[in-house]
Amino acid sequence: DITGLQNSELSSLAREYDARVCIMHMQNNQTTMQQNPTYTDAVIEIREFLKTQADKALSLGIAKEKIVLDVGIGFGKSLKQLPAY
């Protein structure tokens, strides 16, 4: 889900059908994500977003083992902004 599970209808469908979800981080939206993406600390900001959205998925009844997290390289960020750890 390129919206990062921000679409409540999609969240409901995933729960209803016991589906796996892939929550992706994207800065802004698909039409503006590449327009000068900036971060204070990309790793921290992406991690906080993904944790928040994973917690939301869990609270909606989506099983932990059905949640996949995707940092979304190329979706409003570059490899330069994500140092190797």
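Mentor: Before we start, keep one definition in mind: a residue is buried when its relative accessible area is under 20%, exposed when it is over 50%, and partly exposed in between. This is a predicted model, and D18, at 48% relative accessibility, counts as partly exposed by that rule.

Trainee: Okay, and where is D18 found?

Mentor: D18 sits in the loop between α1 and β1.

Trainee: Which salt bridge is D18 part of?

Mentor: The side chain of D18 meets that of K66 in a salt bridge, with 3.4 Å from N to O. K66 lies in the loop between α2 (42–59) and β2 (67–70), while D18 is in the loop between α1 (8–16) and β1 (21–24), so this pair ties together parts that are 48 residues apart in sequence.

Trainee: Is K66 buried or exposed?

Mentor: K66 is buried, since its relative accessible area is 19% and the cut-off for buried is under 20%.

Trainee: What about the phi of D18?

Mentor: D18 has a positive phi of about 50°, although it is not a glycine. For background, most residues other than glycine have a negative phi.

Trainee: Let me step back to the whole chain. How many helices and strands does it have?

Mentor: The protein chain has 2 helices and 2 strands, and from the N terminus on they run in the order α-β-α-β.

Trainee: And how much of it is buried?

Mentor: Of the 85 residues in the protein chain, 32% count as buried. The accessible surface of the chain comes to about 5700 Å², and carbon and sulfur atoms account for 54% of that.

Trainee: Now the inside: which residues make up the largest nonpolar core?

Mentor: The largest nonpolar core has 12 residues, among them L5, A14, V21, I23, Y39, F49, L50 and I67. The elements that give two or more residues to this core are β1 and α2, and α2 gives the most, with 5 residues.

Trainee: Then tell me about α2, please. Which of its residues are buried?

Mentor: The buried residues of α2 are A42, I46, F49, L50, Q53, A54 and A57. They cover an arc of only 130° around the axis, which puts them on the same side of α2.

Trainee: What do those buried residues pack against?

Mentor: The buried residues of α2 pack against β1 and β2.

Trainee: Which salt bridge does K51 make?

Mentor: The side chains of K51 and D55 meet in a salt bridge, at 2.8 Å from N to O. Both residues lie in helix α2, 4 residues apart, which is about one turn of the helix. K51 is exposed, with a relative accessible area of 52%, whereas D55 is partly exposed at 36%.

Trainee: How many salt bridges does that make for the model?

Mentor: The count comes to 2 salt bridges.

Trainee: Last one: what span should α2 have?

Mentor: At 1.5 Å a residue, the 18 residues of α2 should span 26 Å, and its end C-alpha atoms are 26 Å apart, which agrees.

Definitions and conventions. Residues are numbered from 1 along each chain as its sequence is written. This is a predicted model: local features need pLDDT of at least 70, side-chain atom pairs count only at pLDDT 80 or more; totals for chains, interfaces and linings use all residues. Side-chain values use heavy atoms; hydrogens and water are left out. Buried means under 20% relative accessible area, exposed over 50%, partly exposed in between (1.4 Å probe, protein chains only). Accessible areas come from the Shrake-Rupley method with a 1.4 Å probe; for residues, only the protein chains shown count as cover. A salt bridge is a side-chain nitrogen of Lys or Arg within 4 Å of a carboxyl oxygen of Asp or Glu. A nonpolar core is a set of buried Ala, Val, Leu, Ile, Met, Phe, Trp, Tyr and Cys residues joined through side-chain atoms within 4.5 Å. The expected span of a helix is 1.5 Å times one less than its number of residues. The arc is that of the directions from the helix axis to the C-beta atoms. Contact means heavy atoms within 4.5 Å.
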